[in-house]
Amino acid sequence: MLSTSSNRSDDVVDVDQNSQPNLPIQQSKSQSLSHRPPPLAEAEMATRSLSEDSPPTPSWFTPKRGDFKLNNFQDGVLSSAFMVGLLVASPIFASLAKSHNPFRLIGVGLSVWTFATAGCGSSFDFWSIAICRMLVGVGEASFISLAAPFIDDNAPVPQKTAWLSMFYMCIPTGVALGYVYGGVVGSHLNWRYAFWGEAILMLPFAVLAFVIKPLQLKGFAPAESGKAQVVASVSEGSEASNLNDHVSEDISDQASERSIKSIGESRFLNQLSQFSQDTKVLLQEKVYVVNVLGYIAYNFVIGAYSYWGPKAGYNIYHMSNADMMFGGVTIVCGIVGTISGGFILDQMGATISNAFKLLSAATFLGAISCLTAFCLSSLYGFLALFTVGELLVFATQAPVNYVCLHSVKPSLRALSMAISTVSIHIFGDVPSSPLVGVLQDHVNNWRKTTLALTSIFFLAAGIWFV
């Protein structure tokens with residue numbers, strides 16, 4: 001989303017002063033608003049950049065740059081470091097759900113997230129906060145993989161996608177609240193308190209996930225069966241190690257240790273083999289693969305909008321507050337569009353066929369609106385059509401995840417969400433920003449660049465239509 005990713009405001013000032021020589025220098029300087037915010041709500045909860053070496057403008061994620069003497073590269077690494085933990089841990093949590101209770105795994109994830117967030121507030125240099133940010137991604141991974149299947153299991157049948165839309169609506173809502181929370185805490189106290197306060201707020205939820213009766217996901221065997229297998233395996237290993245009563249106690253202990261180690265290695269190899277088999281089965285589900293391919297193309301555009309949108313808006317329409325305009329439009333459209341998409345699909349009848357119809361239609365119409373918006377010379381005309389376009393493209397969030405959940409058998413739902421998340425980032429928003437940058441360097445025209453980028457929405461609509 002536009003508000004949840006990078007806004008290279010410092011570059012806006014430097015580049016645009018050169019490309020717009022008629023603009024007063026003082027006016028250009030006033031238009032540098034914020035450093036790049038991170039992609040999820042917790043990341044915005046930090047602070048203002050009050051370093052004497054940088055302008056006294058709000059930075060909603062990065063710690064006080066003067067504290068750690070961060071350069072721009074390190075600043076950017078911190079805002080996206082959580083992605084490392086997220087992408088690595090998502091498939092792991094999905095795989096572990098087959099041998100451990102998924103509800104307890106969410107508790108583990110929330111606990112990791114809580115302590116990692118507190119660690120961000122207690123960090124003392126770049127590497128300490130970077131590692132904690134990666135661990136924050138590990139915590140988020142449990143929710144990415146497991147929360148949607150739980151919602152799908154427990155939501156009333158006529159309101160399944162509406163419930164999913166409420167869940168995914170929390171992302172732009174959290175971003176909006178994060179801006180306010182980070183600004184208030186960062187300006188009145190210190191950026192560290194923003195992290196500590198959020199960790200305290202999350203702690204009861206982490207504890208609750210361990211103490212309440214755990215829910216069981218459909219398609220998974222009860223966790224007790226996995227424990228029973230482990231106990232049986234250990235028992236068999238112990239019996240095997242004691243067959244010969246004439247072996248000395250030391251040798252017996254060594255054999256027992258080797259047996260336990262062998263059991264652990266065997267379980268790990270079994271988990272890895274099962275993960276490979278499940279992934280192979282998942283990739284053979286044609287409906288799922290088509291859905292994710294469309295989602296990748298969609299996220300390619302959204303990711304590039306997030307990074308380059310404000311700068312493109314400043315260059316094309318000379319917006320005096322491009323960051324806030326794009327961010328505000330995206331947050332509002334993200335909330336309203338996401339909820340609307342879920343309710344519309346429920347009214348149509350929540351089926352995979354109807355979901356694809358809604359995905360292709362909303363994306364196609366949204367592409368037309370956004371494409372037309374970038375063709376207009378009027379700023380107000382652009383904002384009106386771009387708002388309509390964003391409302392339409394964000395209406396896809398609940399339907400696309402509904403298809404991810406219902407195009408595979410129940411036991412693969414957690415893995416389907418994990419693989420979808422990994423795919424849309426690795427092949428979608430991660431490479432899109434640099435590739436669009438290369439295109440802009442070549443054509444040197446932001447209007448042409450944004451039109452070329454927006455046209456990829458038609459590819460997503462076409463994939464989902466097929």
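In this predicted model, F364 has a relative accessible area of 40% and is therefore partly exposed. F458 is also partly exposed, because its relative accessible area is 26%, and a residue counts as buried only under 20%. A pair of aromatic rings is described by the distance of the centres and the angle of the planes.

With relative accessibilities of 45% for Y193 and 31% for W196, each counts as partly exposed. The rings of F364 and F458, for their part, have centres 5.5 Å apart and planes at 70°, so this pair is edge-to-face. That pair links distant parts of the chain: F364 belongs to helix α14 (residues 352-375) and F458 to helix α19 (residues 456-465), 94 residues apart.

Aromatic residues also gather in a group: Y295, Y298, Y305, Y317, F374, F382, F386, F457 and W464 form one aromatic cluster.

S128 counts as buried because its relative accessibility is 13%. A polar atom of the S128 side chain lies 3.0 Å from the backbone nitrogen of F124.

The chain as a whole may now be considered. Its secondary structure comprises 19 helices and zero strands. Of its 466 residues, 52% are buried. Among contacts with a separation of 6 or more, 79% join residues 24 or more positions apart. The accessible surface comes to about 21,200 Å², and carbon and sulfur atoms account for 66% of that surface.

Terms used: Residues are numbered from 1 along each chain as its sequence is written. This is a predicted model: local features need pLDDT of at least 70, side-chain atom pairs count only at pLDDT 80 or more; totals for chains, interfaces and linings use all residues. Side-chain values use heavy atoms; hydrogens and water are left out. Buried means under 20% relative accessible area, exposed over 50%, partly exposed in between (1.4 Å probe, protein chains only). A polar contact is a pair of N or O atoms within 3.5 Å; within protein, one must be able to donate a hydrogen and the other to accept it, and residues adjacent in sequence count only if both atoms are side-chain atoms. Helices (H or I, at least four residues) and strands (E, at least two) are DSSP runs, numbered from the N terminus. Contact means heavy atoms within 4.5 Å. Accessible areas come from the Shrake-Rupley method with a 1.4 Å probe; for residues, only the protein chains shown count as cover. Rings of Phe, Tyr and Trp (its six-membered ring) pair if their centres lie within 6.5 Å; planes under 30 degrees apart count as stacked, over 60 as edge-to-face and the rest as tilted.
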